[in-house]
Amino acid sequence: MAFSGDGAAFQVQIRSNTDAKPKALIGQESAPKPPPPLKDHTCKSRFCELGQALSSELRDAEILADAMNNINDSASSDEKGEQTELPKKPILTYAQAMNHIEELIRFVERQHRERLKSLHRLVHKVEEERVRNEHNLNNIAKLNEKFKDEDKNSPYYQVGDMVAALVKITEEEENWILAEVVQFNAATNKYEVDDIDEQKDRHILSRRRVVPLPLMRANPETDPQALFQKESVVMALYPQTTCFYKAVVNQLPTTSVEEYEVLFEDPTYADGYSPPLTVAQRYVISIKDKKGKSQS
């Protein structure tokens with residue numbers, strides 16, 4: 001059988017070997033059976049398919065080779081065209097180069113001057129802001145000094161307030177009495193107070209000799225910290241008098257309307273203290289020394 005594909009010729013001869021006798025192999029008693037004979041149309045079909053596949057692959061290889069050659073030719077022609085199309089840069093003369101350099105120097109100098117002007121304006125603005133703030137600080141300091149002076153010369157207590165005042169009874173004896181503020185002299189920074197006793201003696205005292213009396217009663221249920229603790233040393237108004245004496249808290253009030261129970265210092269008693277006496281909350285204050293300072 002013979003067939004052709006793209007100029008190549010193939011010739012195949014197939015003969016039947018059915019009449020041949022099997023040959024015995026060495027070491028075998030008898031030869032193996034031969035394979036069944038192939039039919040002619042089956043061989044022809046397989047060889048035709050093989051030839052067609054080979055011819056198709058050859059055609060594809062030729063087409064691919066032509067395409068690659070065309071791409072390479074186009075790339076080489078483009079490179080040649082680009083090389084020929086590049087413009088040539090002219091070489092500057094010495095005078096032209098110097099002109100370019102001078103223009104560059106003038107440009108840099110202009111930029112430098114503009115930046116210096118901007119910096120000068122910024123510095124001037126900052127200086128104005130500093131002067132303004134300094135002026136404001138000076139005004140605040142002056143106002144603060146003014147307020148301090150006013151506070152120093154302003155009265156702690158108003159006219160009509162009830163106070164405990166340390167006054168001289170004799171040249172050598174002083175005592176705390178119940179008094180009423182009559183006037184405050186800002187020039188001397190002193191109070192004028194009147195003894196509420198029938199004699200209405202007026203006394204001129206410095207601030208450290210005047211102690212205010214509580215204006216409100218403390219409620220033990222809501223404000224227990226506002227009360228003096230038991231056994232605290234205090235000054236209390238002795239009943240039926242207008243004088244304050246040293247005492248010790250013996251019993252605290254249990255309601256806002258109750259009074260303290262105190263023990264006054266009294267050397268006439270054996271233990272040095274009077275029997276328990278009740279004093280209203282308003283007339284029990286922190287003990288003061290002779291200089292008007294609180295004693296702990």
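Biologist: What should I know before I start?

Modeller: The model is predicted, so local features need pLDDT of at least 70, side-chain atom pairs count only at pLDDT 80 or more, and totals for chains, interfaces and linings use all residues. Residues are numbered from 1 along each chain as its sequence is written, and side-chain values use heavy atoms, with hydrogens and water left out.

Biologist: How many helices and strands does the protein chain have?

Modeller: Start with the terms. Helices (H or I, at least four residues) and strands (E, at least two) are DSSP runs, numbered from the N terminus. Here the protein chain has two helices and twelve strands. Their order from the N terminus is β-β-α-α-β-β-β-β-β-β-β-β-β-β.

Biologist: What share of the residues is buried?

Modeller: Buried means under 20% relative accessible area, exposed means over 50%, and partly exposed lies in between (1.4 Å probe, protein chains only). Of the 296 residues of the protein chain, 20% count as buried. The chain exposes about 23,500 Å². Carbon and sulfur atoms supply 54% of that area. Accessible areas come from the Shrake-Rupley method with a 1.4 Å probe; for residues, only the protein chains shown count as cover.

Biologist: Which residues touch the most other members of the largest nonpolar core?

Modeller: A nonpolar core is a set of buried Ala, Val, Leu, Ile, Met, Phe, Trp, Tyr and Cys residues joined through side-chain atoms within 4.5 Å. The largest one has 13 residues. Val-163, Ala-165, Tyr-191 and Val-193 touch the most other members. Strand S3 (162-168), strand S4 (174-185) and strand S5 (190-195) are the elements that give two or more residues to this core. S4 gives the most, with four residues.

Biologist: What does Val-193 touch?

Modeller: Leave out residues up to four places away in sequence. Val-193 then touches, among others, Val-163, Ala-165, Ala-179 and Val-181. Its contacts also include Glu-180, Asp-201, Arg-202 and His-203.

Biologist: How is a pair of aromatic rings described?

Modeller: By the distance of the centres and the angle of the planes. Rings of Phe, Tyr and Trp (its six-membered ring) pair if their centres lie within 6.5 Å. Planes under 30 degrees apart count as stacked, over 60 as edge-to-face and the rest as tilted. The structure holds four aromatic pairs. Phe-228 and Tyr-260 form one of them, and this pair is tilted, with 6.1 Å centre to centre and 55 degrees between the planes.

Biologist: Where do Phe-228 and Tyr-260 lie?

Modeller: Phe-228 lies in the loop between strand S7 (210-212) and strand S8 (233-237), and Tyr-260 in strand S10 (residues 260-264), so the pair ties together parts that are 32 residues apart in sequence. Phe-228 is partly exposed at 22% relative accessibility. Tyr-260 is buried at 2%.

A second pair is Tyr-238 with Phe-264. This one is also tilted: 4.7 Å centre to centre, 55 degrees between the planes. Tyr-238 sits in the loop between S8 and strand S9 (243-251) and Phe-264 in strand S10, so the pair ties together parts 26 residues apart in sequence. Tyr-238 is partly exposed, at 28%, while Phe-264 is buried, at 1%. Ring pairs link Tyr-238, Tyr-245 and Phe-264 into a cluster.

Biologist: How many salt bridges does the structure hold?

Modeller: A salt bridge is a side-chain nitrogen of Lys or Arg within 4 Å of a carboxyl oxygen of Asp or Glu. The structure holds seven. Glu-129 and Arg-132 form one of them, at 2.5 Å from N to O. They are three residues apart in helix H2 (residues 94-153), which separates them by about one helical turn. Glu-129 is partly exposed at 39%, and so is Arg-132 at 43%.

Arg-130 and Glu-134 also meet in a salt bridge, at 3.0 Å from N to O. They are four residues apart in helix H2, again about one helical turn.

How values were computed: Contact = heavy atoms within 4.5 Å.
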